[in-house]
Amino acid sequence: MPGQIDSGRGVSCFISSTVVEMFTVICIMLAGIAVGFLLRPRRIRFAGNVITVLIWVLLFFLGVEVGTNERIVKGIHTLGFEAIVITLGAVAGSCSAAWALWKIVNRKETDRKS
């Protein structure tokens with residue numbers, strides 16, 4: 001049975017598919033980090049373009065998934081409003097934090113020059 005592990009003592013336990021997927025993603029990410037670490041001396045020029053195209057493909061399939069989900073399509077008007085509110089809040093918070101950091105950094109540079 002998938003996800004079932006035999007401990008060797010006659011006791012078996014089940015691992016949820018979510019946990020298996022999570023560890024699969026983490027292992028793939030760690031493998032990518034290892035490959036990137038090994039390829040550090042080389043300049044990989046095409047990597048940025050490949051990443052951009054893959055993100056476009058992922059966004060396309062995300063759109064396909066959303067479009068085929070009847071529940072999401074029926075509630076898109078409320079989801080859209082919530083998305084706008086969250087986006088505006090995130091932008092306002094980011095701008096405020098950037099402004100505060102800018103003030104702190106400039107204050108320290110001004111103190112050093114004096």
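Visitor: Which residues form the positive surface patch here?

Guide: Lys 103, Arg 107, Lys 108 and Arg 112 form it. Patches are built from residues with over 30% relative accessible area and no salt bridge, like charges being joined within 9 Å and nonpolar side chains (Val, Leu, Ile, Met, Phe, Trp, Tyr) within 5 Å. Lys and Arg count as positive, Asp and Glu as negative, while His and the chain ends are not counted, and the place of a charge is NZ of Lys, CZ of Arg, CG of Asp or CD of Glu. This is a predicted model, in which local features need pLDDT of at least 70 and side-chain atom pairs count only at pLDDT 80 or more, whereas totals for chains, interfaces and linings use all residues. Residues are numbered from 1 along each chain as its sequence is written, and side-chain values use heavy atoms, with hydrogens and water left out.

Visitor: Where is Lys 103 found, and how is its accessibility classed?

Guide: Helices (H or I, at least four residues) and strands (E, at least two) are DSSP runs numbered from the N terminus, and Lys 103 is found in helix H4, which covers residues 76–113. Buried means under 20% relative accessible area, exposed over 50% and partly exposed in between (1.4 Å probe, protein chains only), so Lys 103, at 43%, counts as partly exposed.

Visitor: What pattern does the chain follow along the sequence?

Guide: The pattern reads β-β-α-α-α-α, with four helices and two strands. Of the 114 residues in the chain, 1% are buried.

Visitor: Which residues form the nonpolar patch on the surface?

Guide: That patch consists of Ile 51, Val 53, Ile 55, Trp 56, Val 57, Leu 59, Phe 60, Phe 61, Leu 62 and Val 64, which together have about 1000 Å² of accessible area, a quantity that comes from the Shrake-Rupley method with a 1.4 Å probe, where for residues only the protein chains shown count as cover. Phe 60 lies in helix H2 (residues 47–68), and Phe 60 is exposed because its relative accessible area is 53%.

Visitor: Which side chains meet in a salt bridge?

Guide: Side chains of opposite charge can pair when their charged atoms come close. A salt bridge is a side-chain nitrogen of Lys or Arg within 4 Å of a carboxyl oxygen of Asp or Glu, and the count here comes to one. The side chains of Lys 74 and Glu 70 meet in it at 3.1 Å, N to O. Because these two residues, Lys 74 and Glu 70, are four residues apart in helix H3 (residues 70–74), they are separated by about one helical turn.
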